[in-house]
Amino acid sequence: MMARTNWLGEFLKHSVLLAGAIVVLLPFYLMLSYSLKSPAEIESNTGGFVGSQEIMTDRRCIKAGKPAEECDMRPIVYNYTAAFSEAPLVRYMLNGVFVTVSIFVIQVLVALPCAYALSKLKFWGRDVVFGLVIFCLLIPVHAIALPLYIMLAKVGLTNTYAALIIPWTISVFGIFLMRQFFMTVPDDLIDAARMDGMSEFAIVWRVMLPTAIPALLAFGIFSVVAHWNDYYWPRVVITGNRDLMTPPLGLRMFKSDLDGNEYGPMMAATTVIVLPLVIIFLLAQRRFIEGITMTGMK
Amino acid sequence: MAGIVLRQVTKTYGTLRVLNGIDLDIADGEYLTLVGPSGCGKSTTLRIIAGLESQTTGDVEIDGRVVNEVRPSRRDLAMVFQSYALYPHLTVRQNLVTPLQLRDMNFWQRIPLLGYLAPGRRAKMSKIEDDVRKAAETLKIEPLLHRKPGQLSGGQRQRVALGRAMVRNPAAFLMDEPLSNLDAALRVHMRAELSELHRELGATFVYVTHDQAEALTMSDRMAVMMDGDILQLGPPDEVYEDPRDIRVAEFIGSPKMNILPGRGDSAGRITALGVAVEEALAVPSEGPLSVGFRPEHLHIQPADNGACFSGRLTYKENLGSDVFLHLAVEGIEGKAVIRAKPHEADFADVGEDVWFTGEVGMARVFGADGKRVALAEPQLMRKTS
Amino acid sequence: MGRSRVHLWFIGPAIILMMGLLILPVFVAAVLSFTDYNLGNPSFNWIGVENYDRLVSRSTYKKMFTASLTYVLLVVPISVALGLGAALLIASLRIGGELYKAVFFLPVMATLLAMAIVWEFALHPIVGVVNDILRSGCDVGWLHALLSGSWLGGDPLQSWYGHACAEDFPLWLGDKNYALGTIAFIGIWQGFGFNMVLYLAGLTSVPRELYQAAHMDGADSAWERFRLVTWPMLGPTNVFVVTISSIRSFQVFDTVEALTRGGPSKSTYVMVYAMFEKGVKQNLLGIGSAITIVFLGFVLILTLIQVYFVNRRVHYA
């Protein structure tokens, strides 16, 4: 508590944390570095971070019968063009955006009115419904993936966007979080809105939604991060149809398609998929950490 | 028991200076209050005494010993915090025992379970239990010893916090706004209890508050602090009657002192709001002045006798025994407040213009720099007038 | 009056979806776990508890439980301890705390599957960077001496490092003795930052005055203050962090599916992967459902333990 700094202690703490940071950052460093270097440099672990960027020849390009001068390129160009040409990366990314956004929008459409009813309306059976929500919190969707898969298969929905989205449309966690948040909104605000002549629907979307923006933002971060990164569920319901694959699943396919020494394009694809969230995270770091903590702590 | 001395203590955070050289001499057994608005540096001063923060320059002496480099726990002080800072996971008894264990037992004796095997633990523990029982008795918290802080009311927690300070029998008690979390009635009650406790223990109390009423009612001496300086240090009566600075005059007393803009002239005569005042300057000089009257020193007049201020009565605040008359007076911001007996103000109705005068000899005059200006002795006054 | 029924519009969709997507599947799994059902086969037989019987008797499933539990027992304590340690260090720093926080949280945000692939490259036995670094230490005399323990007079070949220098470094994911540990390492790498931010949030909610009181009471060392204030005040955070880490690590799948497919010799055959392999890939829905039910049982037990600890604690008003 004494304001005098213990410089030795401070130095030791930084040393420990720095060592940890190096281990944590190692794969990110390798990912970026490999995505820039030529296969030879990767295999021999030479060339530092960016490699020498000597002109190399694209063998697939030669095989495709194109003139040799068109097939000579820098490793960085080769890696990234290969990533985009060998796999429908753009398609994967668009799928990812479509699926994550759809999930989040539907989750809010379902959860917000329910949370409002559970926190601010008095009706018969309210406690039972809330009990159901609490009970459902115990069921991780990943755990019941198999019966969900069977049900979707029975109605013929596997290998569709619907299969990717439907199981996540209900977020009991979202309902719980919103309800807890709405409990802190004063009843007077709602009564005032009723006095102003608003319908219950208008109250939900024009009064409660704006007050819930911070909680929604936190929940949005949680939801988007979880579903952009989710690999398990897409792996279960999408079998073979590349047009429907989300980024992690597409990356997995890319990996099993490639032969041994195509590390460069592989890492380029990985970089492209990992980078969007990482960049957004670094830009809005504080919000992300607060959001994840807020949703994490319930 | 010990006196505490601060010598030219300053504190800066980066470029922000929060204490500008505090000198303070607290006598053994004294009840000294540091009072001031929030941000004036009173809490920082207390925490520097406690050792929770270190001063930028200057010395702190406790019982004649410079303690600048001494850890908080070795200064033989106890502190009562605003939030009480009781350990929520420990019972009241454990809360009281903890400081004694930390002080009196060695590392081995303090280890949970294993410590029971350490030699000498039993004797020390029974001595500690004795001390705790005594403190609990004094504060009447014996029935609470086995509860946790979460199960206590605000007043009970307050007592436990006092108890935790008391068990160590410290040289001095430091209290950081200890009553501010209590409701109004309990706060008034605890004021009396604290004063009683101080008398009983005979220990030095250093008490920080932003509530001038607490400072006036409880302390032997009070130090009024503003912007990192002690503006005035003295017994409550003296600070109230004889404020050395316009800021002190306005801060101490409720409702606060009425400040009327005025002027002095080269003959030493004083006017306030353009009306001549009986008092005169000891050292005549021309320039703007502020003339202060406490509400009880303004008197409402049924008619203008030529030497009256006037204002429109906007509100009569009836307290039963007294009435506060709020007046809108041209030339001053806010309202002037007059304290009167109910019958004295019978004739005045809200919305009417009324006349009032200041009591002779009760004007407190401040210069343009805010410092008190000396007035001529009353005999001289008569001569000049 | 409209208001008396309007709530049905609000809770209706949520209730229908909860029933259909969460409750019903549990029942479906429970029912199917007593059958030999598979997709594409119109009829099925009731086979009683045969599926469960297999789970407890077959060595494959014994390996499954061992792999899952070992994984949880490796990842939870280490990632919780690292999270707490990082949080305590960062909270006590004068400068740079925000930077470390962002760095340690990065793996939480990054797509696990993608990062698993990068780790696979890094851990490649021949061209991987990890073994490369380890190998390079063998040629540096003092480092080799330090790591192999020969500076204490031990035989370098007896130590792990000295032995590996002489033979070669492990195959990591390809060696059944190392594979699960390696997968767990990736799990810890990915998850401890999450625990760290939860602990940091827990730490900021500890009132500063309590630390000051501890100083006044004579808790002079950092350890005393940790024992007297920090640790007890982190109680609720501890319960939560341990539970959520356990549930998360029970669900490990991405790394296993991408890197080892349960191998080598079932050493990384964790429950969710088994569920996927049996149910989805091999169309053995009965046994897959039985694993699902057992899995749900584990999650329920973990949550009940959490509820018990949370309720036992008296909160500070």
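**Exercise 1.** What distance separates the centres of domain 1 of chain B and domain 2 of chain B, taken over C-alpha atoms?

*Solution.* First, a word on the ground rules. This is a predicted model, where local features need pLDDT of at least 70, side-chain atom pairs count only at pLDDT 80 or more, and totals for chains, interfaces and linings use all residues. Residues are numbered from 1 along each chain as its sequence is written, chains are lettered from A and ligands numbered from 1 in the order written, and side-chain values use heavy atoms, leaving out hydrogens and water.

Next, find the pieces: chain B splits into domain 1 (4-241) and domain 2 (258-384), with bounds from an automatic or database domain assignment. Their C-alpha centres are 42 Å apart.

**Exercise 2.** Work out how helix α1 (residues 7-36) and helix α15 (residues 263-283) of chain A pack.

*Solution.* Helices here are DSSP runs (H or I, at least four residues), numbered from the N terminus.

Step 1: the angle is about 125 degrees and the axes lie 7 Å apart. Axes are lines fitted to C-alpha atoms over the stretch in contact, and angles run from 0 to 180 degrees between N-to-C directions.

Step 2: α1(A) and α15(A) are therefore oblique to each other; angles under 35 degrees count as roughly parallel, over 145 as roughly antiparallel, 65 to 115 as roughly perpendicular and the rest as oblique.

Step 3: now the residues. In contact (heavy atoms within 4.5 Å), α1(A) brings, among others, A:Phe28 and A:Met31, while α15(A) brings residues including A:Met267 and A:Val274.

Notes. Helix = DSSP H or I, 4+ residues; strand = E, 2+ residues; numbered from the N terminus.
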